[in-house]
Amino acid sequence: MQTQESKLQLNDQEKEILEKLAKAGYTPAYVYFERILEERIKFLNELLKDQKNFYYFFALLANNNPHLLSRIIDKGTAEGGKFKGFICSSYEELSLIMSLVNLKEGMYIDYHDPVMDEKVLYRIKVQRGFFEDFEISLIISVNSRYQFNLVRKILKEEVKDNIVKIFLRIGLSEKDMEEIEKNYTYFNYHGKYARFGVEDLEGIMKEVENEKVGFHIYPGTNIRSEEYYEKFVERVKNIYKEFKDKVFAIDFGGGFGVNYEKCRPEDKVLEKAVDVICKEFEEVEKIIEPGRTVIAPAGVLLTSVKDVKEKNGILFLTVDTGFSNFARPYIYEEFHKVELLGEDKEEKDVLIGGFSMASQDFLYGKFGKNPNCKGISPVEPEKLEVPKYGKVEELIGTPVIIHCTGAYGYNMASRFSGRPKPMEILVSGKRAYIIRDSEKDDGLFAGVPDIPEEIDL
Ligand SMILES: Cc1ncc(COP(=O)(O)O)c(C=O)c1O
């Protein structure tokens with residue numbers, strides 16, 4: 001029997017498709033595999049199948065391609081699936097979800113916005129009919145007393161009629177975090193300096209009278225430790241106990257980890273999370289909202305070798321993508337699994353550079369651990385299997401796969417260096433479809449008037 005891990009690997013047919021796409025010039029491109037996305041959704045549905053009042057949302061922060069979101073709805077809700085909605089973090093993402101044609105009755109949209117303002121809330125008010133007609137509930141997760149008051153003022157009727165449900169973002173205290181463990185670097189998610197979490201939970205909860213509220217607590221990002229998760233849930237329980245009678249749901253957020261080097265979601269953490277949440281919380285509605293664990297393994301960034309040289313015994317490759325397309329290595333100092341396509345390979349010391357002029361724009365290597373280093377750590381060569389060659393030039397045009405880039409790939413792309421954003425392709429069985437075209441070469445002129453427009457001051 002195939003394990004979940006082996007089901008997430010690309011098979012020969014899929015690699016052949018990638019090779020054909022690269023040879024036909026479809027690089028750089030984010031390529032998603034429907035088969036793998038379905039595996040992930042099956043896994044989550046199965047994990048929550050027998051759990052009462054327990055659902056999952058998908059976080060658009062990880063990926064917001066509408067074609068992929070529609071597939072998540074179809075697969076996630078099929079045959080009693082436990083997929084129940086989306087979390088979005090801007091009005092633009094909220095509008096995108098509202099225009100998905102296959103949204104289903106009874107689903108939730110969870111709207112967070114660090115800069116939620118009156119205008120947006122009035123726009124939501126005007127759209128009340130949409131939520132009523134389609135029986136979609138809107139969760140608004142607030143992050144300050146200011147936001148709490150604003151939602152209650154502008155959407156008073158909608159809250160009363162249960163069309164809008166308010167969730168309070170909460171966080172663990174500094175003391176909680178100290179008790180959990182100093183080693184975990186989730187400090188900005190909780191404790192004194194955390195951006196998220198209302199400032200006066202007790203005061204706000206005193207004002208909650210007739211309507212019940214939900215809690216939203218984000219555990220931290222890319223969590224790879226089961227122990228951390230268990231301790232985290234214990235602390236959430238202590239907060240919940242205090243306000244139990246006024247809380248109808250807890251959203252435990254996403255952040256479940258992925259081992260990017262191996263392209264393997266840390267499903268043990270997810271399993272542990274569901275297990276401890278169920279043990280500690282029975283009646284209350286429970287939600288998790290994973291992003292990366294669902295979509296990261298379903299996508300690769302397909303690129304191609306465009307320059308090559310050997311220097312000091314190191315093979316330097318330059319590919320037609322880089323940190324403007326894919327920022328994770330640059331931001332998080334973490335390389336993903338990389339594979340060069342081709343037969344008959346040998347191991348080499350390799351560095352793969354990107355197509356921007358930034359000296360640190362590497363897509364493969366390893367980060368040197370220099371404790372005195374200020375700024376981003378230096379990158380050193382790493383072993384990689386490379387097709388055998390006579391002259392290095394023979395490697396030009398070799399397709400390169402950067403694995404596990406379905407999450408925080410396209411969504412974090414920019415136009416740094418003037419490079420257009422890449423296209424997105426969906427592979428379904430033996431077929432491939434463009435699901436978002438690349439930006440065009442004239443993109444740098446977008447929004448630039450022929451004659452500068454004077455602003456009326
Ligand atoms: C509130 C919230 N929920 C869910 C997610 C998704 O996290 P991940 O993709 O790590 O599962 C994020 C990501 O930042 C988030 O901020």
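The centres of domain 1 and domain 2 lie 33 Å apart, taken over C-alpha atoms. The model shown is predicted.

**View 1. The two domains of the protein chain.** Domain 1 covers residues 34-296 in the domain assignment. Domain 2 covers residues 298-439.

**View 2. Where domain 1 meets domain 2.** Domain 1 brings 19 residues into contact with 18 residues of domain 2. On the domain 1 side, helix H3 (34-48) and helix H14 (292-295) each supply at least two of the touching residues. H3 gives the largest share, 4 residues. By class, this side of domain 1 has 9 nonpolar residues, 5 polar and 5 charged.

**View 3. The shell around the ligand.** The ligand is surrounded by 18 residues. The closest are Ala-59, Ala-62, Gly-254, Gly-291 and Arg-292. Sorted by class, the shell holds 8 nonpolar, 8 polar and 2 charged residues.

**View 4. The fold of the protein chain.** The protein chain contains 15 helices and 22 strands. Its radius of gyration is 24 Å, close to the 23 Å from the globule rule for 457 residues, so the chain is as compact as a globular protein of that length. The C-alpha trace spans about 75 × 55 × 50 Å along its principal axes.

**View 5. Burial and contacts inside the protein chain.** Of the 457 residues, 42% are buried. Take the contacts between residues at least 6 apart in sequence: 77% of them join residues at least 24 apart.

Note on methods
Residues numbered from 1 in each chain as written. Predicted model: local features only at pLDDT ≥ 70, side-chain atom pairs only at ≥ 80, totals over all residues. Rg over C-alpha atoms; globule rule 2.2 N^0.38 Å. Buried ≥ 20, exposed ≤ 12 C-beta atoms within 10 Å, placed from the backbone. Contact = placed C-beta atoms within 7 Å. Near = placed C-beta within 6 Å. Nonpolar A, V, L, I, M, F, W, Y, C, P; charged D, E, K, R; others polar. Domains from an automatic or database assignment.
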